[in-house]
Amino acid sequence: MKRWMFGAAAGFVLGILGMAAGGILGIVYAQSLSIGGNPAYPRPDNPRSANIFIIELKPGAQGKDGIRISNPTTITRTVNLGAVDSIAAVDGSFSCKQNKEATKEVGKWIKLDKNQITLAPGKEEVVDFTVTVPTGASPGEHGGCITFQDTKSYAKTSGAGIQLGFRGAVRLAVTVPGEIKKELTIVRITTSRNPDGSYMVSPVAKNSGNVSLDVQARAQLRSIFGQKTRILDDAKYPIMPGATMGWPYRFERPFWGGFYKAYTSLSYNADPSSGIGENVSNTQKARKESGYFLMVPAPLAIGIYAAVLLLVFGGPIYWLLRKRKKKSIKKKWQKYTVRQHDTIMSIARMHTIKWKKLAKINKLKPPYELEINQTLLVPAGVTTFQEQTATPAMTKSSTSANQAVTLGEKQSRKTPSPQPTRVNNTQAEQPISRSNLSWELPRSAPQTAHQQPAQQATQFPEFYQSHQPTTYEVPSRGDSWTVPGSEQTHGIIDDPDLVSQLRSVWGETEQNDVLESSPAKKIKPKTSKKAKPTKKSRAKKDL
Amino acid sequence: MRKKISLLAVFAAVVAVATPSVSLAATNPSFTQVINAGTQSVDIVDGSGVSVASPSVAFGAVNFDFACQTATGTLGTATQKIAVKNPKKAGIKVDLNAVTPATDKWTSGTDNYKYNDATNTGCDFGQLTVGAGTFTKTAGGGTPTQTTPGGAFSSSSPVTLLNSTGTTAYNAELTGYSLSQKVPAEQAPGSYSLPMNITFTQQ
């Protein structure tokens with residue numbers, strides 16, 4: 001009986017042990033990477049005293065406290081301890097001075113029972129210290145730190161670059177009673193845009209009192225139309241006496257952007273009789289708002305804005321500009337009647353405007369056909385030599401007064417070319433102006449061109465001498481020829497005698513092979529000295 | 001019969017060991033455990049989370065020049081991350097400063113220049129600037145309220161790497177602090193070093 005009872009009891013105990021083991025193993029402790037330190041004697045009535053030393057002593061008084069150093073690692077550690085003064089970091093927040101810096105205040109008031117301890121793995125030890133406040137200490141809070149550093153965590157003194165060491169510290173606040181002043185003001189609000197498009201809003205506050213303040217900051221953005229973002233608030237950050245410190249808040253960029261104003265408030269315990277971590281009995285708030293600032297919309301929103309603005313303002317502006325332009329044309333342009341051999345290019349050239357503009361204003365469409373006696377609008381008061389002297393505009397001969405005159409580029413070259421004839425015009429016999437002559441070359445020699453009888457070509461000189469063309473240029477052998485605006489190709493100039501004849505008429509050399517980018521593909525006359533007509537040629541031409 | 005009872009007891013023990021929670025519910029519902037809050041710590045660890053023995057920050061080399069120039073490096077890389085453990089819901093502060101701020105300088109033999117002199121934007125004697133870093137929570141619930149501001153060294157004041165309030169317990173990594181050191185003109189060539197401390201403070 002006893003045996004089986006013993007067996008059952010043993011099983012039960014084993015089971016309990018198993019449960020305990022399983023339960024404990026199920027917990028993952030937050031293992032520290034290095035030596036840790038905490039206040040050894042926290043006050044039950046002040047949770048804050050579990051993290052920092054809060055000591056209140058009159059001038060000349062002495063107090064005791066202790067720091068618990070723990071070694072959570074798996075190897076034995078030797079730890080150096082020290083007491084230092086506090087210092088404001090470059091951003092105004094609380095920091096501890098280095099151990100090698102001279103102590104003047106709290107660091108000097110503290111005497112540690114031990115300056116070095118050795119801890120086995122998983123062990124901890126309390127090191128007590130004494131705080132002696134000098135008799136001349138001013139009322140208010142005096143800051144310092146108890147530091148601890150593993151002897152293996154010191155920075156190396158050799159090598160290149162920054163050699164890093166590590167140490168831990170626990171803040172120590174010694175308050176000397178007397179006239180305690182708690183005062184906090186927001187000196188400014190800074191706003192800035194982050195590279196990712198979000199915005200930082202930072203109320204910057206100054207602690208003008210003589211004790212530290214645990215400050216809870218809040219921030220909110222409100223648009224010009226009253227839209228509000230969610231309130232961002234923080235847990236309490238300490239701000240040291242006399243320090244200026246900012247609390248940066250990150251706000252996401254609103255999709256539609258807009259003008260926003262930042263509202264910030266800082267709350268703190270303003271009761272002079274309550275110390276750090278004690279119940280808040282008199283919460284004060286410092287408030288400040290920024291001016292309006294622009295929050296840039298998201299790229300998609302910018303696109304939408306642009307499209308809407310274009311629709312709202314672009315349409316009427318376009319309409320107004322168009323109306324003004326029409327009015328201007330109506331006022332400054334005059335009518336021009338198309339004559340025989342006129343082309344859109346020749347008319348444009350006469351009035352020194354681009355042919356495309358002329359076509360646009362007169363609403364001419366490809367192939368830009370003009371009809372004799374058709375009325376066009378042209379700039380008033382702008383005429384060239386051609387218009388003044390070459391009134392008998394060079395047009396292609398036609399049997400009908402209404403035969404279409406088109407530009408060479410658009411024309412069909414399959415149509416048999418009519419014979420160029422003289423226009424029945426009183427001014428047609430006026431002498432040809434050499435400077436206005438040029439050949440027009442088709443893009444390629446059409447097949448029909450070869451079918452043209454050579455003798456037709458022999459008629460050119462007479463034709464061109466008796467008509468005033470727009471701009472023709474001396475031909476080369478092998479060129480086909482056509483009349484500007486004509487749909488016909490008149491033939492290939494393959495007769496050397498004809499070329500010579502033409503050259504002698506115009507006194508030109510064979511240098512005309514520059515194509516102009518125009519619907520007529522005309523070749524501009526060369527202006528070289530060689531191309532200038534001689535006295536002899538001019539005389540012949542005048543004939 | 002006794003044998004059977006003994007076997008049954010052993011079987012029960014095995015079951016209890018294998019399924020402790022079931023046994024706990026059945027046998028003793030009032031277990032108490034003490035979980036210590038632990039201590040805050042900061043260390044530099046490699047990609048596997050192992051402490052780096054002698055952490056350092058290397059700077060890009062610069063050549064001798066008659067003009068002021070800038071050497072750059074990064075504190076908190078993939079192989080040397082600043083690991084922060086804050087198991088307590090306490091505010092924690094991480095700073096960077098020279099070991100002896102009043103006298104420490106970048107030193108190479110007898111040559112040296114400063115890390116904390118802002119004269120002429122640091123170009124006259126040398127100044128080290130720390131850019132803002134990145135806080136990445138690796139464990140813990142909630143969103144810790146924190147800032148990683150960085151700043152330029154001036155006089156003896158440290159630069160803040162992390163300022164966190166005590167709203168939540170967490171583990172985190174700090175990375176990507178860009179360091180830029182103004183090197184004065186005509187600084188003698190050499191391999192310069194500067195010892196610095198990272199201090200974590202409960203506040």
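**Note on the predicted two-chain model**

1. Chain A exposes about 27600 Å², and carbon and sulfur atoms supply 55% of that area. Accessible areas come from the Shrake-Rupley method with a 1.4 Å probe, and for residues only the protein chains shown count as cover. This is a predicted model, in which local features need pLDDT of at least 70 and side-chain atom pairs count only at pLDDT 80 or more, while totals for chains, interfaces and linings use all residues. Residues are numbered from 1 along each chain as its sequence is written, chains are lettered from A and ligands numbered from 1 in the order in which they are written, and side-chain values use heavy atoms, with hydrogens and water left out.

2. Overall make-up of chain A. The secondary structure comes to 11 helices and 24 strands; helices (H or I, at least four residues) and strands (E, at least two) are DSSP runs, numbered from the N terminus. Of the 543 residues of chain A, 49% count as buried, where buried means under 20% relative accessible area, exposed over 50%, and partly exposed in between (1.4 Å probe, protein chains only). Among the contacts in chain A with a separation of 6 or more, 73% come from residues 24 or more positions apart. Contact means heavy atoms within 4.5 Å.

3. Confidence in chain B. The average pLDDT (the predictor's confidence in each residue, from 0 to 100) is 84 in chain B, and 81% of the residues score at least 70. Confidence in chain B is lowest in helix α2 (residues 20–27), at a mean of 38, and highest in strand β8 (residues 128–130), at 96. Over residues 14–27 of chain B the pLDDT is below 50, and this stretch has 18 contacts in the model beyond near neighbours in sequence. Where pLDDT is low, the predicted coordinates should not be read in detail.

4. Strand β10(A). The strand is mostly covered, with 16 of its 16 residues buried. Two strands pair if DSSP finds at least two bridges between them. Within chain A, β10(A) pairs with strand β2 (residues 53–56) in the parallel sense over four bridges, and F53(A) stands opposite L172(A) there. The pairing of β9(A) with β10(A) is antiparallel and runs over nine bridges; V174(A) in β10(A) is the bridge partner of H142(A).

5. Pairing of β10(A) with chain B. Strand β15 (residues 193–202) of chain B and β10(A) pair in the parallel sense over 10 bridges, with R167(A) opposite T199(B). Strand β2 (residues 56–57) of chain B pairs with β10(A) in the antiparallel sense over two bridges, and Q163(A) stands opposite S56(B).

6. Salt bridges. A salt bridge is a side-chain nitrogen of Lys or Arg within 4 Å of a carboxyl oxygen of Asp or Glu, and by this rule the count over all chains comes to 14. E141(A) bridges to R171(A), the closest N and O atoms being 3.1 Å apart. This pair links distant parts of the chain: E141(A) lies in strand β9 (residues 140–150) of chain A and R171(A) in strand β10 (residues 161–176) of chain A, 30 residues apart. Both E141(A) and R171(A) are buried.

7. Two further charged pairs. D45(A) and R43(A) meet through their side chains in a salt bridge (3.5 Å, N to O). D45(A) counts as exposed because its relative accessibility is 58%, whereas R43(A), at 31%, is partly exposed. In chain B, D95(B) forms a salt bridge with K93(B), with the closest N and O atoms 2.8 Å apart, and both of these residues are buried. Salt bridges that share partners join R43(A), D45(A) and E278(A) into one network.

8. T147(B). This residue sits in strand β10 (residues 146–147) of chain B. T147(B) counts as buried because its relative accessibility is 15%. Leaving aside neighbours within four places in sequence, T147(B) is in contact with Y237(A) and P248(A) of chain A, and with L161(B), L162(B) and N163(B) of chain B.

9. Nonpolar surface patch. A patch of about 1200 Å² is made by a set of residues including F255(A), W256(A), L300(A), I304(A) and Y305(A). Patches are made of residues with over 30% relative accessible area and no salt bridge; like charges are joined within 9 Å, and nonpolar side chains (Val, Leu, Ile, Met, Phe, Trp, Tyr) within 5 Å. W256(A) is found in the loop between β17 (249–251) and β18 (258–269) of chain A. With a relative accessible area of 44%, W256(A) is partly exposed.
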